[in-house]
Amino acid sequence: MTATKGLEGIVATTSSISSIIDGVLTYRGFDIDDLAENATFEEVAYLLWYGKLPNRSELAQLVKDLNQYAAVPSQVIDQIRTYPKDTNSMAALRTAVSSLALYDEEANDMSPESNLRKAIKLQAQIPTIIAAFARIREGKEPIAPKQSESVAENFLYMLIGKDPDKVAIEALDKALVLHADHELNASTFAARVTVATLSDIYSGVTSAIGALKGPLHGGANEAVMAMLEDIGTFENAESYVNAKLANKEKIMGFGHRVYKNGDPRAKHLQKMSEQLGKITGNMNWYNMSIKIEEIVTGQKGLKPNVDFYSASVYTSLEIPRDLFTPIFAVSRASGWTAHILEQFENNRLIRPRAEYTGLSNQKYTPIDNR
Ligand code: ACO
C-alpha cells in the first residue's frame, strides 16, 4: 500500500452536483460564468438540492421556507451570549450549528424528506447565527430575520440593523453564487465522511465548518485581508510580496489544488472588487491586489483563487474581516447539504487505509523499566 499524500488526484466518489473539468466549474452542468451573470443564490441553492433550476412557484416556495426557518431557537442565541467576546467567529459558528441539532425535534430523522427540510433549515439559520454572534460580541441585541426575497439581503439586514443598499445585496448575492459548491473540496469531503457513518446532517455540516475554518481552505480570505492591511499602501506592495516570496512564504489567495491555470471564480470577484472600489471611492485594496497578482503570477506562475478578491469585495461591503470565512459558510452550506443528501442516497462508509511508517516489533516494557 502506497499513500497518496493529501489524496491528490484520487477520485473518491461519484457525484452529479458540481464538476471541475479542464478548469471549467459547473453546478449541475451549468457553467459558473453563466450562473454568476444570471442566477440568484436561491436559484443556485435550489439547483444544487433538486438538480434543476426552479420555476417561479418552486422558487417562491423555497424563499418562503427560508424565511420560515430563518429564526434560530432562542436557546442557541442565549448560548451565543455566553461565548467569550473574542471567540474565533468560525469556532462560534461551529459550536452554534452543532447546538442547533439539540433543539430540532427531527434532528435524527433520517428520511430523505426530513433531511431535505433540515438542509433548508441549516441554510436559513447559518446567516442568522453569524449576524447574531457579530452583534452580541459588540454588546448589541441580535436582530430577528425579516421576510426577505434573498439570503444576502436578510444577512446584511441582520448584521447592520437597517435595510442594506441594492449594490451591497447584489454583490453579496453574486459572491454567494460563486462559493456555493466546488466538487470534493476539503470541507465537503469532511461532511461526506461524517454522514457516511450514517450520522446526522447537523454533524456533517459541523464537520464541514471545522474544515472550512483552516487557512489553507476557507480561512484564506481573512488571511488575504490581513496581508492587505499589513501592506497598507500600494507603494509597499512590491517589496512586501518580494520579501515573502524570497523567504519561501505562501501568499494567501494564490494557488489551488485543482486549478493550475486559474480559478474561474476569481475574475468575477476581481470585477466586483473594482466596481465596489469605484462606488465606495476607495480603490486602494483593489489596486494593491492587482499589483500583488502581477508579482505573484509573474514570478511564480500562480493565479489568484476565489479567496483573493473576495477579501477586497467584503471589505468594500464594510463586513468585518473575521466574518469573511463565516460568509463562505453561508454560501457553501448549500453545497455541503446537497452533497450530504447525495451521500445518503447511495451511501457507503468512507474508510480509506494508511501506509504504515511507524516502528515494528516493539515489546512492552513495564513502566518502571522505561
Ligand atoms: N504562495 C506561494 N507559493 C505557493 C502558493 C502560494 N499561495 N501556493 C502554492 N505555492 C507553491 C508551493 O510553495 C509549492 O512550491 P514548491 O514546489 O517549490 O515547494 C508549489 O507551489 C505547490 O504548492 P502546494 O502547496 O504543494 O500545492 P497544493 O496543491 O498542496 O496547495 C493550496 C494548494 C493549499 C491552495 C496552496 O496553493 C496554498 O497554500 N495557497 C494559499 C492558501 C489559499 O489561498 N487557500 C485557498 C484555496 S481556495 C479554497 O480553499 C477556497
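This is a predicted model: local features need pLDDT of at least 70, side-chain atom pairs count only at pLDDT 80 or more; totals for chains, interfaces and linings use all residues.
1. A polar side-chain atom of His-217 is 2.9 Å from a ligand oxygen atom. For Asn-305, a side-chain N or O atom also lies 2.9 Å from an oxygen atom of the ligand. With Ile-251 the backbone takes part: one of its N or O atoms is 2.6 Å from a nitrogen atom of the ligand. As for cover, the ligand taken alone exposes 910 Å², of which the protein buries 67%.

2. Turning to the fold, the protein chain contains 16 helices and three strands. Its radius of gyration is 21 Å, close to the 21 Å that the globule rule gives for 370 residues, so the chain is as compact as a globular protein of that length. The C-alpha trace spans about 70 × 55 × 45 Å along its principal axes.

3. How much of the protein chain counts as buried? The share is 51% of the 370 residues. The chain exposes about 17900 Å², and carbon and sulfur atoms supply 51% of that area.

4. A last point concerns contacts along the chain. Among contacts with a separation of 6 or more, 74% come from residues 24 or more positions apart.

Methods. Residues are numbered from 1 along each chain as its sequence is written. Side-chain values use heavy atoms; hydrogens and water are left out. A polar contact is a pair of N or O atoms within 3.5 Å; within protein, one must be able to donate a hydrogen and the other to accept it, and residues adjacent in sequence count only if both atoms are side-chain atoms. Accessible areas come from the Shrake-Rupley method with a 1.4 Å probe; for residues, only the protein chains shown count as cover. Helices (H or I, at least four residues) and strands (E, at least two) are DSSP runs, numbered from the N terminus. The radius of gyration is taken over C-alpha atoms; the globule rule is 2.2 Å times the number of residues to the power 0.38. Buried means under 20% relative accessible area, exposed over 50%, partly exposed in between (1.4 Å probe, protein chains only). Contact means heavy atoms within 4.5 Å.
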